[in-house]
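Here are some notes for a colleague who has not looked at this structure before. Please read them with the structure open.

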Amino acid sequence: AEYMGSEREKALLVQYSDFSNAFMQVKLNYTSGVIRVYFGSDLAAIEGDTLSGASPGDGVEPPPFQLGCVLTCPQHCDLNYAYETAEGDTFPFAFTSMWFVETAGCYVVHTEPASDFPDVPTSTPLSLTPGSTAEITFGGGATFTFDGTAWTSVHMNSNGVVSFASAASPLLFVDTQTHLDNRFVSPFFSSLQVATIYFEEFDLGTSNEHLSITAENVPGACDGESCGTVSFQLSLFYNSGAIRMTWLGVSITTTSVIGISVLPSSPGAATFYPDITTGCLPLCPPYECQAHAIQSFAGPFGASNTALTYTPGFEGVACYRQSGTPITALPYPPTGDATTLTLGDDDSVSVPLAFTFYGVTYTSAFVGSNGYLTFVNSDVVATPSEQNHFAQVRISMLFTDLDPSAGGTIQVETVGTGITAITFTAVSSNTFQLVLDDNTGVLQVNYLGIQSTNTLIGLSPGTLPVTPSEMNWCLFTPYSTWLAPGSTATPAAVVVSVTGPGTGELP
């Protein structure tokens, strides 16, 4: 069947149903060339050899298959980012959204596929002649914080650069150093001809309010003649300070630079971090921001030796994104300063802590013996079901029937300014830890050895969703061998074992 969405989403959809009791979809996007394969949970029942991948038919053996964001992927945090596409090279981020998210005074980069602009412009377009700049003032007294300053407006340059405080020079030499020597947000810094741009504010009155600047089919300038076009959109989120750049079709062959740069102390002194594309950044989260996200494990637990991080949505705090990395030890082992809680079977106790969860700030919470934390009311339910999970404002670290009175410890400790760790050690043969960072709203659950079966993990705002959404399965897939990004080792086989199976439907 053909999937007839928007023009850029038209695709051929092939579905395998009841194929050896397996369900699978393959989606080929006509415009972007993106191939997506969706695997149903029943594939876990298939025995024997399987193979997944793509081949150009040239007979060349590929390097080891790296499974994207589930690899060990150190998160780089910096103030300055730049990626330069040399003249004649292909721009690598077509049909991609790239987020720059401010965290503890620096920016972390995430990317995700994009088949269309996130915001559809409806405003009257503004034409920028070559070398011209338009000042855009935020509405309603809004400000956008960048480089430690709350700005009330930005300047959009015809060469695809946004500057602050003053307009960028019309005679910009397009290269990485020029970008880094200025306080720039560069969605597509290049030699461009007449640019038609739209600027409009979206989601006003919400925590997601932002300005989007959209440029469609802007021609490049090659000695006064056109040489390809570019379509991009820049979004500045007022409340979070996040920056989103989205590119659709890009055929320009002149030099271009994308990225962000704070104003350095002197020209040429900026830290140059060009490798936006290294490691697994182009494949890493964020995934879909989910307000109701759970994962059930009917059989063995699928996330042992994993740090699972929940990050509030960049657009606000009403949803969370998940990402996972492997660990071999708890990041905050309990010390002598930890408070040991006395909990019986199916028990709960109140503890003081400060944390903002789903946009609500709490000063205390209830630690439940059955592996969860509730915020409004205590709970002692022991059956891990969707109905029970969503009945409370809850963090389910390992929702299952646990009995701390039979052995093990549950401890609470302040491990840093605004950071609280709640650690279950050897409780019913399970060791895991919840870390709440009130500075950022981020929470992390660290799992070591987990022996329990019939478990549930996830977050709940205290309301039952129409359709609960599962977390991304790749975050919980145990690997027989972890391959580091850039590894040159060529194992005889890379074995991927999927535990579960989970539940859910194909997208």
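**Notes on the predicted model**

1. The model is predicted.

2. Where is D379 found? D379 lies in the loop between β27 (372-374) and α2 (386-390). D379 counts as buried because its relative accessible area is 14%, and the cut-off for buried is under 20%.

3. An open sheet is formed by seven strands, with antiparallel pairing, in the order β23-β22-β32-β31-β30-β29-β24. At the edges are β23 (320-326) and β24 (339-341), each of which pairs on one side only. On average, neighbouring strands of this sheet are turned by 20° against each other, direction ignored.

4. The edge strand β24 is joined to β29 (residues 409-416) by three bridges, and the two run antiparallel. Opposite T339 stands V412 in β29.

5. Which residues touch the most other members of the largest nonpolar core? They are F146, F188, I243 and W247, in a core of 41 residues. Leaving out neighbours within four places in sequence, F146 is in contact with Y107, W151, F164, R183, F184, V185, I243, I260, S261 and V262.

Methods: Residues numbered from 1 in each chain as written. Predicted model: local features only at pLDDT ≥ 70, side-chain atom pairs only at ≥ 80, totals over all residues. Heavy atoms only, no water. Core = buried A, V, L, I, M, F, W, Y, C linked by side-chain atoms within 4.5 Å. Buried < 20%, exposed > 50% of the residue type's maximum accessible area, 1.4 Å probe, protein only. Contact = heavy atoms within 4.5 Å. Pairing = 2+ DSSP bridges. Helix = DSSP H or I, 4+ residues; strand = E, 2+ residues; numbered from the N terminus. Axes fitted to C-alpha atoms, helices over the stretch in contact; angles between N-to-C directions.
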